[in-house]
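Hi everyone, thanks for coming. Please have a look at it first.

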Amino acid sequence: MADHYEVLGVARDASVDEIKKAYRKKARQLHPDVNPGADASEQFKLVTHAYDVLSDPQQRQKYDMGGQGGGFDGGNFGNFGDIFETFFGGGGQSSRGPRSRRERGQDALLRVELDLDEVIFGTHREIEVDTAIVCETCSGTCCQPGTSPVTCDICHGTGNIQRAVRSLLGNVMTSSPCGSCRGYGTIIATPCITCQGQGRVRARRTVAVDIPAGVETGLRLQMPGSGEAGPAGGPNGDLYLEMKVRHHDVFSRDGDDLLCTIEVPMTDAILGRTTTIKALDGDIDVVLKPGVQSAEVITIKDRGVTKLRGSGRGDLKIGVHVVTPTKLDHKERELIEQFAARHKAPAPSLSHFQQGLFAKLRDRFIS
């Protein structure tokens with residue numbers, strides 16, 4: 001096998017720029033468009049392969065491992081497989097053949113924002129995804145229609161180049177990926193003009209998804225096979241949808257329960273009343289019993305969020321906030337004073353420490 005340095009006509013300590021300059025000079029002389037002879041074509045392939053190896057620092061280092069000079073010449077020990085591949089850079093490719101162009105596509109992650117009322121029963125969404133899809137022109141083959149990949153005539157379809165390396169153990173056969181076909185074993189001579197030989201293109205597509213009831217912020221839904229198409233017609237990756245539930249001005253959520261607060265005039269708190277509130281899923285009649293106190297919680301069964309796991313719904317919990325009037329006219333004040341005189345309430349006194357109405361509401365909600 002010809003020495004790569006001799007093929008390019010450079011010294012073994014040549015710089016990258018010197019190697020590139022030598023390659024360009026020889027490539028101009030031997031290119032098939034300039035020199036159509038069969039011998040020139042073979043020389044052009046050797047020059048190209050030599051440049052691919054020597055222009056890559058890692059491949060050049062592997063190539064130089066045999067060095068000049070000898071050390072111990074124990075004879076040609078042949079190809080010892082994985083043991084010597086580990087020491088001399090075979091990369092494990094020689095026994096596995098060429099690598100496939102087909103690869104699995106990448107996974108994709110999208111955030112989906114939902115309103116709280118959509119969470120109660122679930123919803124259907126049509127989501128637009130900017131992703132990679134299989135090229136319709138070549139159907140993922142990477143080749144222009146009517147053509148197909150051709151076997152690499154450098155590695156003869158193996159995807160690897162073997163060469164003898166002189167070492168302390170003698171001459172050892174090592175293997176490295178072919179620089180001409182990049183280890184695929186084939187070359188795409190006529191790439192698809194639509195996808196530029198990738199087998200996929202960028203496009204927007206619509207994904208239909210049924211979002212179940214009961215999801216919450218941070219929850220991810222996995223949609224297998226809905227991610228990016230892989231190169232060369234490889235399988236699609238997965239699509240992950242991360243949920244985010246928007247803030248609601250009236251209702252909040254505690255697990256599967258919905259929480260809200262109702263403001264009750266002092267007279268209604270004293271006398272009691274039935275009122276109607278607009279919930280997220282329709283109107284609800286709420287009964288305020290006479291004498292209802294601030295921070296009491298009225299529970300409406302099965303009017304919360306549908307449970308994500310299991311069956312049924314949570315509850316709607318309504319915290320009562322009794323509103324005391326701050327402005328009274330003369331007549332109203334007189335009536336209140338008469339009420340106070342008849343009621344004969346005890347004078348205000350110290351009681352157990354309380355952290356305020358909303359803290360009290362919170363404690364009752366979660367109890």
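Let me begin with a term: helices (H or I, at least four residues) and strands (E, at least two) are DSSP runs, numbered from the N terminus. This is a predicted model, where local features need pLDDT of at least 70 and side-chain atom pairs count only at pLDDT 80 or more, while totals for chains, interfaces and linings use all residues. Residues are numbered from 1 along each chain as its sequence is written, and side-chain values use heavy atoms, with hydrogens and water left out.

Now the cysteines. An unreviewed UniProt entry carries the annotation "binding site" for Cys 152, Cys 155, Cys 178 and Cys 181. They are spread over 30 residues of sequence, yet they cluster in space, with a largest C-alpha distance of 9.0 Å.

Where does Cys 155 lie? Its place is the loop between strand 4 (150-151) and strand 5 (160-167). Cys 178 sits in another stretch, the loop between strand 6 (170-177) and strand 7 (186-187). Leaving aside neighbours within four places in sequence, Cys 155 is in contact (heavy atoms within 4.5 Å) with residues including Cys 178 and Cys 181. Among the residues that Cys 178 touches, on that kind of count, are Cys 152 and Gly 183.

Are these cysteines buried or exposed? Buried means under 20% relative accessible area, exposed over 50%, and partly exposed in between (1.4 Å probe, protein chains only). Cys 178 is buried at 1%, Cys 152 is buried at 1%, and Cys 155 is buried at 4%.

How many disulfides are there? A search of the whole structure finds 0, a disulfide being a pair of cysteine sulfur atoms within 2.5 Å. For Cys 152, the closest cysteine sulfur is in Cys 155, at 3.7 Å, so the two are too far apart for a bond.

Finally, let's visit strand 16 (316-323). Two strands pair if DSSP finds at least two bridges between them. Strand 12 (residues 257-265) runs parallel to strand 16, with 8 bridges, and Ile 262 has Val 320 as its bridge partner. Strand 15 is antiparallel to strand 16, joined by 4 bridges, with Ile 300 partnered by Leu 316. Because 6 of its 8 residues are buried, strand 16 is largely enclosed by the rest of the structure.

Notes: UniProt positions renumbered as here; feature names shortened; annotations may be inferred.
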